Every structure is written in structure tokens, then in C-alpha cells.
Amino acid sequence: MNRTKRLMNTQQSISSNKNQFKRTMKTRHLIMLSLGGVIGTGLFFNTGYIIATAGAIGTIIAYLIGALVVYLVMLCLGELAVAIPETGAFHTYASRFISPATGYTVAWLYWLTWTVALGSSITAAGFCMKHWFPNTPIWVWCSTFCTVILALNIVTAQFFAESEFWFSIIKVITIIIFIIAGAAAIFGFVPMKNDIPAPFLHNITDNGWFPNGVTPIIMTMVSVNFAFSGTELIGIAAGETKEPEKTIPLAIKTTILRLIIFFIGTVFVLAALLPMDQAGVIESPFVTVFENIGLPYAADCLNFVILTAILSAANSGLYASGRMLWSLSNQGTLPKCFSKLNKTGVPAFAISISMLGGLLALLTSIIAPNTVFVALTAISGFAVVAVWLSICASHFFFRKSLTREEQENLKYKAPFYPLVPILGFILCLIACIGLAFDPEQRIALYCGIPFVVVCFIAHHFTQAHQKRVAKNEK
């Protein structure tokens with residue numbers, strides 16, 4: 001049996017491996033897991049920066065391009081995840097279809113992405129609680145949230161999925177309310193605060209189509225992709241999903257459709273209600289919009305929603321980072337203790353170590369925010385696009401390795417091969433190149449590229465060590 005057929009039989013052998021995960025996630029869990037990972041800091045905070053940089057029309061175009069990129073990437077991931085549904089997903093695909101060193105690097109990049117997000121999310125959650133309890137030290141709330149998030153992840157995968165489902169429901173309902181209320185305020189159906197006249201589309205058209213030129217659209221593509229990051233969690237959860245051949249394609253289609261509606265709708269409302277110069281100086285554009293509309297208890301409602309979004313992101317982050325360590329261990333590049341599952345089928349040790357990594361990120365965000373933490377967040381942003389690059393490349397080589405008969409037997413096929421993986425790869429590459437043109441984001445390349453080099457070198461020594469151990473055992 002050739003190499004490709006052995007890969008295609010992976011799904012059949014999973015049930016016989018006692019160290020594999022239980023398939024407890026349903027379609028609704030998978031959809032809300034991906035939505036929960038996406039609707040967070042990128043949408044709630046980064047959108048103001050993008051509007052200020054690219055202008056209203058430029059921001060809408062940037063998000064439309066971002067939606068196209070994530071759709072192409074998810075089509076590639078969907079085919080891979082249905083053919084080979086494994087926990088850890090895209091890093092194992094990169095190992096098999098590009099090179100083991102690439103897969104190893106992708107895993108560490110993605111682990112760092114979510115670990116940094118975990119630390120910064122817990123810190124932000126502590127500041128949210130400061131709004132209601134100004135006299136309570138932030139570390140008390142950080143400790144509380146660490147315990148809660150760890151408990152949600154370590155009990156069972158289904159318990160985690162259920163909690164993430166309800167976290168995401170709150171965010172989705174809020175986004176829908178925001179779009180409806182915002183659209184009504186734009187056209188004067190809901191009065192603005194302090195008798196401010198309805199803006200209609202003046203804020204979108206007054207500064208012209210591209211007030212700062214076309215270049216800012218390219219410069220902000222990584223920020224846009226970061227806002228969409230988390231969709232790929234569908235691939236991470238593939239090994240814990242019931243009937244992946246049905247669940248994953250449905251989850252991808254539903255998630256992409258909702259993301260386009262939520263993101264484009266939200267960006268349109270924000271751009272219409274916020275002048276371009278205001279969007280650049282506020283901490284969260286949502287705050288100003290809620291206040292200008294004059295909704296009762298706007299500050300408290302918004303604070304609660306942002307807190308929910310942050311905890312949801314932390315919840316997803318710990319899940320993803322723990323599974324990455326498990327997958328690395330399952331492939332033999334980390335000690336076996338990381339791949340050990342507890343009685344409920346959860347990699348408790350890998351999750352606990354990831355939580356420690358999140359705590360270190362939390363400390364750097366407080367002690368060294370302008371040095372260590374800036375470097376970590378820069379690598380984190382760069383890593384998202386690097387992971388997407390690897391997914392597109394893996395899909396291209398996966399399909400290329402199949403015979404015509406094997407291609408016809410695929411349960412789910414991404415359309416328009418090879419256009420989809422090639423176009424997805426090119427657009428992700430353009431986003432990386434765009435970082436070089438933005439002085440504020442250029443540090444992502446300065447930190448990200450050396451990190452990738454270090455990972456490749458580390459993999460070489462890891463492989464050499466494994467060969468020595470195997471030789472001694474013989």
C-alpha cells in the first residue's frame with residue numbers, strides 16, 4: 001500500500017487507537033467554536049485602527065478581501081480535515097505534505113499565537129472587571145478567570161464545547177443587535193444622543209474612496225486576517241467531531257456565511273457612524289457608537305459583552321494550544337506525557353502547560369509590555385498568516401499526491417483545484433509582504449522570521465535526538 005493510501009486510512013484507524021480523542025462535538029459546537037475564536041479582539045478593537053488607516057471604503061474592501069482569503073483557506077482545510085480528521089490538523093498536514101520541519105514550525109507558531117492570546121485575554125478580562133469593582137486588584141480577577149477557563153477545558157471536550165457555544169451565542173446576539181440598531185441610527189430611525197443628526201452615509205463618502213491611497217489596504221491585511229483568525233479551529237477540532245464528512249463542510253459553509261454578514265455588516269455600521277479621525281484615537285469603536293446611539297446602560301452592556309468575548313477567546317485559545325502540544329507529542333517531537341489523556345479523554349497535562357504559558361504571557365503584558373510582550377504579539381500576528389499559508393500549500397500537495405481514482409473517492413472536494421490553494425497562498429503572501437510597508441507592524445517580520453528559523457533548527461536537533469534514542473533502544 002502506498003503512502004497516500006496509508007494516509008487515507010488514518011480515519012479508519014483512529015477508533016482503534018486508545019490515545020485518540022472521543023468524538024463528542026456536534027455541528028453546532030463546531031460552528032460556535034469557530035465563531036467564538038473569531039469574534040473577539042480583532043473585531044472589537046482592531047477595526048478602529050483599520051478605518052483610521054485605510055478609510056471607510058478601504059476598510060470594507062480590506063474585509064471583503066479578508067473574507068475571500070479565509071474562504072479559500074477554509075475550502076482547503078475542509079478537504080484535508082474530511083479526508084484525514086485529526087486533532088492538531090493543519091500542522092500534521094504540513095508535516096506530511098510539505099516537510100516534517102514545516103509541520104513542527106507551524107505547530108509552535110500556532111501554539112504561541114493562542115498562548116499569547118490567552119495571556120492578553122485574561123489581562124483584558126481583569127481590566128473589564130475593574131469597571132464594576134474598581135477597588136479589587138486585577139490579579140484577583142486574573143486568577144479567578146484562569147481557574148474557570150482551566151476547569152472548562154479540563155473536565156471534558158463536550159463540556160468545553162458547550163461552554164464555548166453559549167459564550168459565542170452572547171457575542172452573536174450582540175453583533176446582530178449592534179448591526180440592526182446601528183443601521184437604524186444611520187438612517188435616522190433611532191435618534192442619536194444629544195440631538196446629533198443622522199449621519200446617513202456622509203462618513204463613508206466624505207473622505208473619498210481611498211483617502212490615504214491603496215497601499216493602506218495592503219498594509220492592514222494582516223490585521224484583517226488576524227480579525228478572521230480562529231476560523232481554522234474547525235481543523236483543530238476535526239479529531240473530536242462526530243461524522244466529520246458531514247459536519248465539517250456544513251460548519252465551514254455556515255461559518256463563512258455568518259462571518260461575512262457579521263464582519264461586513266459591523267464594519268459598514270462602524271464606518272458610517274464614526275468619522276475617520278475619531279476611529280483612530282478611540283480604544284474600541286464600539287464604545288463610541290453605543291454611546292452616540294444613546295442606548296440605556298450602554299457602558300455596562302458593552303463591558304459585559306467584551307468580557308464575554310475575551311473569555312470566549314481565552315477558552316478557545318487554551319483548547320487550541322493544548323491540542324497543539326498533544327499533537328506534537330503524538331508525533332514524537334515532545335515527551336509522551338503531553339499526549340496522555342485523562343479518564344474523560346482530555347490532554348490535561350498539555351492543557352495545564354499551555355495555561356502556564358498563558359500566565360507567562362500575562363506577566364510579560366504587565367512587566368514588559370513594550371519589549372517582550374510586543375515581540376510575542378508580533379510573532380502571534382505573523383503566525384496566523386503563516387499557518388494559513390501552510391494550509392493552502394498542504395492542500396495543493398495533498399491533492400497532487402492522489403491518483404485520479406482516489407480524487408474521485410474523496411468525500412469532500414474543494415472546488416476549482418488548483419486555483420483555490422494557489423490564490424489563497426498568493427493572497428496570504430501579499431498580506432505578509434504588506435507588513436514591511438507599515439512601521440507599526442514591521443516588528444512582526446523582525447520577530448517572526450527569526451522565530452521560524454529557530455524552530456527549523458530545533459526540529460533538526462529534535463530529529464537527531466530521536467534517531468539516537470531509537471538506535472540505543474535497538
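**A buried threonine and other sites**

Modeller: Thr-102 counts as buried because its relative accessibility is 17%, where buried means under 20% relative accessible area, exposed means over 50%, and partly exposed lies in between (1.4 Å probe, protein chains only). The model is predicted, so local features need pLDDT of at least 70 and side-chain atom pairs count only at pLDDT 80 or more, while totals for chains, interfaces and linings use all residues. Residues are numbered from 1 along each chain as its sequence is written, and side-chain values use heavy atoms, with hydrogens and water left out.

Thr-102 lies in helix H6, residues 100–132; helices (H or I, at least four residues) and strands (E, at least two) are DSSP runs numbered from the N terminus. Not counting residues up to four places away in sequence, Thr-102 touches Ala-94 and Phe-456, contact being heavy atoms within 4.5 Å.

Next, the aromatic rings. Tyr-104, Trp-108 and Trp-111 are linked into a cluster by ring pairs, and the whole structure holds ten aromatic pairs. Rings of Phe, Tyr and Trp (its six-membered ring) pair if their centres lie within 6.5 Å; planes under 30 degrees apart count as stacked, over 60 as edge-to-face and the rest as tilted.

Leaving aside neighbours within four places in sequence, Gly-424 is in contact with Leu-72 and Cys-392. Gly-424 and Ile-391 are 33 residues apart in sequence, with their C-alpha atoms 9.2 Å apart in space.

Side chains of opposite charge can pair when their charged atoms come close. A search of the whole structure finds one salt bridge, defined as a side-chain nitrogen of Lys or Arg within 4 Å of a carboxyl oxygen of Asp or Glu. The side chains of Glu-79 and Arg-399 meet in a salt bridge at 2.6 Å, N to O. That pair links distant parts of the chain, 320 residues apart: Glu-79 is in helix H4 (residues 41–83) and Arg-399 in helix H18 (residues 372–401). Both Glu-79 and Arg-399 are buried.

Phe-268, by contrast, is partly exposed, with a relative accessible area of 32%, and belongs to helix H13 (residues 244–273).
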